[in-house]
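Please look through the structure shown here. The paragraphs after it start with one residue and then widen to the chain.

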Amino acid sequence: MIIVTFCFVSRIVNGENNDPYIDLQEPENGSELSNPVTLRWTAHDQDGDDLRFDIYLTPENGEEQLLVENHAFKTLDLDDQNANMNYTWRVVAKDGTNETNSENWTFFITNSSPEIMLFNPESGGFLQHYYVTLVWIATDNDNDELTFNV
């Protein structure tokens, strides 16, 4: 069993606890990119309170999902989002007393091209036979099914 405990340290400035500040950084709003994606934001608290972050992601025509709760860092890596889809993301900054919602930003995951490496015949080599054995490795970062026309 794993037990996780969080302790917020709160300081008061001018007799009241101020809301945290948060600003989304990357990916830029409306950007197109391929997997993997790194979400990045800046945040601070005028009172010097420790900050924790809840990160939310909403796929196109889907329900908002809480990806991480009480995250201590200002980045989050997303490895395997569906291609050809828009996503909306937001972050909630919490200082133990107050919380602030970021803006909602969107990004689009493109379908990346497959990669292929040809091993045989060697590049620049001469063929001395009428029959050729082709040897290659092909990969696709989006995990799409690959087909080949030779």
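F107 is buried, with a relative accessible area of 0%; buried means under 20% relative accessible area, with a 1.4 Å probe and protein chains only. Y87 is buried as well, at 3% relative accessibility. The structure, a predicted model in which local features need pLDDT of at least 70 and side-chain atom pairs count only at pLDDT 80 or more, has totals for chains, interfaces and linings that use all residues. Residues are numbered from 1 along each chain as its sequence is written, and side-chain values use heavy atoms, without hydrogens and water.

There are four aromatic pairs in the structure; rings of Phe, Tyr and Trp (its six-membered ring) pair if their centres lie within 6.5 Å. Y87 and F107 form a stacked pair, 5.5 Å centre to centre with 20 degrees between the planes (stacked means planes under 30 degrees apart). This pair links strand β7 (residues 85-94), which holds Y87, to strand β9 (residues 105-109), which holds F107. Strands are DSSP runs of E, at least two residues, numbered from the N terminus.

The rings of W89 and W105 have centres 6.4 Å apart and planes at 85 degrees, so this pair is edge-to-face (over 60 degrees). W89 lies in strand β7 and W105 in strand β9, 16 residues apart. Both W89 and W105 are buried.

Now the whole chain. The protein chain has eleven strands and zero helices (a helix is a DSSP run of H or I, at least four residues). Of its 150 residues, 32% count as buried.

Note on methods: Buried < 20%, exposed > 50% of the residue type's maximum accessible area, 1.4 Å probe, protein only.
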